[in-house]
Amino acid sequence: MDQYRPLNDHVYEYIIALINDGKITAGDRVSEQMICDAMGVSRTPVREALIKLSDDGYLDNELRKGFRVHGFDEQAAVEIFQIIGPLEGQAACLAAQHLTDSDYQQLQFLIDSMDLAIRGGLLSQYDQLQRKFHEYFVSRCGNERLISLLQQQKRYFIRREHVSNHSERMLEIVRSANEDHQKIVDLLKDHKLDELFTFICNVHWNSSKTNLVTW
């Protein structure tokens with residue numbers, strides 16, 4: 001644990017890791033005492049972290065009931081897809097000006113790793129990799145405000161239980177999503193920016209996919 005960072009930052013990241021690892025999911029109550037015991041800290045930094053997680057959209061703060069992992073509302077998801085598509089499309093177009101051969105190698109590595117995860121039915125691993133894929137090229141856009149806006153919107157999509165569903169239908173969905181990832185990289189490499197923007201907005205972040213959350 002980094003001694004120079006506030007304790008509540010460490011608690012914040014610990015709870016985020018619990019969510020991203022599927023150890024707590026949408027609707028689960030987050031126990032202050034459980035976090036205190038697990039991390040060996042007092043209630044004050046835990047309470048501060050929980051409030052910040054609520055402010056950031058990860059948790060719901062229910063009056064006299066405590067904190068729960070934020071749930072899923074499909075209509076809200078449609079609206080957020082309609083926001084994220086253009087934002088990420090713009091980020092990708094800006095990133096195309098900065099991406100190096102090394103960056104393209106890393107993006108391809110992530111795509112290939114996602115393919116291996118899909119072949120092995122490791123959908124939790126796929127979920128982590130696809131997040132890294134999107135974060136990677138967005139981080140290269142050179143616009144910190146745009147990066148922040150995307151992070152704020154994507155916080156809505158807390159890991160959902162179906163990510164660990166190994167049904168053939170879900171495997172088909174993630175295969176299709178990873179084909180989208182390859183298309184994004186190909187368009188980036190070719191600097192086909194108009195086509196790239198349209199593809200990300202209208203295909204990859206199409207609002208008909210909101211019940212899948214396999215971005």
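1. Of the 215 residues in this protein, 45% count as buried. Please keep in mind as you read on that this is a predicted model.

2. On the overall build: the secondary structure amounts to nine helices and three strands. Starting at the N terminus, the elements follow the order α-β-α-α-β-β-α-α-α-α-α-α. If you look at contacts between residues at least 6 apart in sequence, 72% of them link residues at least 24 apart.

3. A helix pair worth a look is α6 (residues 123–139) with α8 (residues 168–190): the two pack at an angle of about 20°, and their axes lie 12 Å apart. Because angles under 35 degrees count as roughly parallel, α6 is roughly parallel to α8. Their crossing is left-handed.

4. Which residues of α6 and α8 meet? From α6 come L123, Y126, Q130, F133, H134 and F137, and from α8 come M170, L171, V174, A177, N178, H181, I184 and V185. By type, the residues of this contact divide into 10 nonpolar, four polar and no charged.

5. The structure holds zero disulfides. C201 is in no disulfide, and the nearest cysteine sulfur, belonging to C93, is 8.5 Å away; a disulfide would need the two sulfur atoms within 2.5 Å.

6. Are C201 and C36 buried or exposed? C201 has a relative accessible area of 14%, so it counts as buried, the limit being under 20%. C36 is buried too, with a relative accessible area of 5%.

Note on methods. Residues are numbered from 1 along each chain as its sequence is written. This is a predicted model: local features need pLDDT of at least 70, side-chain atom pairs count only at pLDDT 80 or more; totals for chains, interfaces and linings use all residues. Side-chain values use heavy atoms; hydrogens and water are left out. Buried means under 20% relative accessible area, exposed over 50%, partly exposed in between (1.4 Å probe, protein chains only). Axes are lines fitted to C-alpha atoms, for helices over the stretch in contact, and angles run from 0 to 180 degrees between N-to-C directions. Helices (H or I, at least four residues) and strands (E, at least two) are DSSP runs, numbered from the N terminus. Angles under 35 degrees count as roughly parallel, over 145 as roughly antiparallel, 65 to 115 as roughly perpendicular and the rest as oblique. A crossing is left-handed if the near helix is turned anticlockwise from the far one by less than a right angle, and right-handed if clockwise. Contact means heavy atoms within 4.5 Å. Ala, Val, Leu, Ile, Met, Phe, Trp, Tyr, Cys and Pro count as nonpolar, Asp, Glu, Lys and Arg as charged, and the others, Gly among them, as polar.
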